[in-house]
Amino acid sequence: QVQLVESGGGLVQAGGSLRLSCAASGISSGVYKMGWFRQAPGNERDLVATIDNGENTIYADSVKGRSTISRDNAKNTVFLQMNALKPEDTGVYYCWLYSWQRGRDYWGQGTQVTVSS
């Protein structure tokens, strides 16, 4: 069984920073791709950033230059450092994991990020 637990969300003023963390369990170390997706009420869930075990990364244009995704394979953990936050960054951030070994993806429960003006 695979479990993803997010942490680090909260309320922050525009221009501030947050660091999201997601710890995965029940998965073989390094045999997966992880990332973050964001969803606001009434909106679709959109990609924020992803990273594979080769450290290849993908960023949404809206966060590129302000955010950095990283991972610790030994601890099965992915991080998202977000700086210079904007109100439009507000939403529920979901941790995502795709397992090449299992051939499927998994989702965390989500953590709320609210950026005030």
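**Salt bridges, disulfide and core**

Guide: Arg38 has a relative accessibility of 16%, so Arg38 counts as buried. Bear in mind that this is a predicted model.

Visitor: Which residue does Arg38 form a salt bridge with?

Guide: Arg38 pairs with Asp89, and their closest N and O atoms are 3.5 Å apart.

Visitor: Is Asp89 buried or exposed?

Guide: Buried, because the relative accessibility of Asp89 is 3%.

Visitor: How many salt bridges does the structure hold?

Guide: There are 2. Asp89 also forms a salt bridge with Arg66, where the closest N and O atoms are 2.9 Å apart. Arg66 sits in the loop between strand 6 and strand 7 (67–72) and Asp89 in the loop between strand 8 and strand 9, so this pair connects parts 23 residues apart in sequence. Arg66 counts as buried because its relative accessibility is 13%. Together, Arg38, Arg66 and Asp89 make up a network of salt bridges.

Visitor: What about Asp52, where is that?

Guide: Asp52 is in the loop that runs between strand 5 and strand 6 (57–59).

Visitor: What is the nearest side chain of opposite charge to Asp52?

Guide: That is Arg71, at 5.7 Å. Asp52 is buried but has no salt bridge.

Visitor: Which backbone nitrogens lie 2.9 Å from a polar atom of the Asp52 side chain?

Guide: The backbone nitrogen of Gly54 is one, at 2.9 Å. The backbone nitrogen of Asn56 is another, also at 2.9 Å. Leaving aside neighbours within four places in sequence, Asp52 is in contact with Tyr32, Lys33, Arg71 and Trp100.

Visitor: And Thr77, which residues is that in contact with?

Guide: With neighbours within four places in sequence set aside, the contacts of Thr77 are Cys22, Ala23, Tyr32, Ser70, Arg71 and Asp72. Thr77 belongs to strand 8 (residues 77–82) and is buried, with a relative accessible area of 11%.

Visitor: What does the side chain of Thr77 reach at 2.9 Å?

Guide: The backbone oxygen of Lys75.

Visitor: You listed Cys22 there. What does Cys22 form with Cys95?

Guide: A disulfide, with the sulfur atoms 2.0 Å apart. Cys22 lies in strand 3 and Cys95 in strand 9, so the bond ties together parts 73 residues apart in sequence. Both Cys22 and Cys95 are buried.

Visitor: Is the link of Cys22 and Cys95 left-handed or right-handed?

Guide: Left-handed, with -90° about the S-S bond.

Visitor: On to the core. Which residues of the largest nonpolar core touch the most other members?

Guide: Trp36 and Leu80, out of 28 residues in that core. The elements giving two or more residues to the core are strand 3 (18–25), strand 4 (32–39), strand 5 (46–51), strand 8, strand 9 (91–99) and strand 11 (111–116).

Visitor: Which strand gives the most to this core?

Guide: Strand 3, with 4 residues.

Methods
Residues are numbered from 1 along each chain as its sequence is written. This is a predicted model: local features need pLDDT of at least 70, side-chain atom pairs count only at pLDDT 80 or more; totals for chains, interfaces and linings use all residues. Side-chain values use heavy atoms; hydrogens and water are left out. Buried means under 20% relative accessible area, exposed over 50%, partly exposed in between (1.4 Å probe, protein chains only). A polar contact is a pair of N or O atoms within 3.5 Å; within protein, one must be able to donate a hydrogen and the other to accept it, and residues adjacent in sequence count only if both atoms are side-chain atoms. Contact means heavy atoms within 4.5 Å. A nonpolar core is a set of buried Ala, Val, Leu, Ile, Met, Phe, Trp, Tyr and Cys residues joined through side-chain atoms within 4.5 Å. Lys and Arg count as positive and Asp and Glu as negative; His and the chain ends are not counted. A salt bridge is a side-chain nitrogen of Lys or Arg within 4 Å of a carboxyl oxygen of Asp or Glu. A disulfide is a pair of cysteine sulfur atoms within 2.5 Å.
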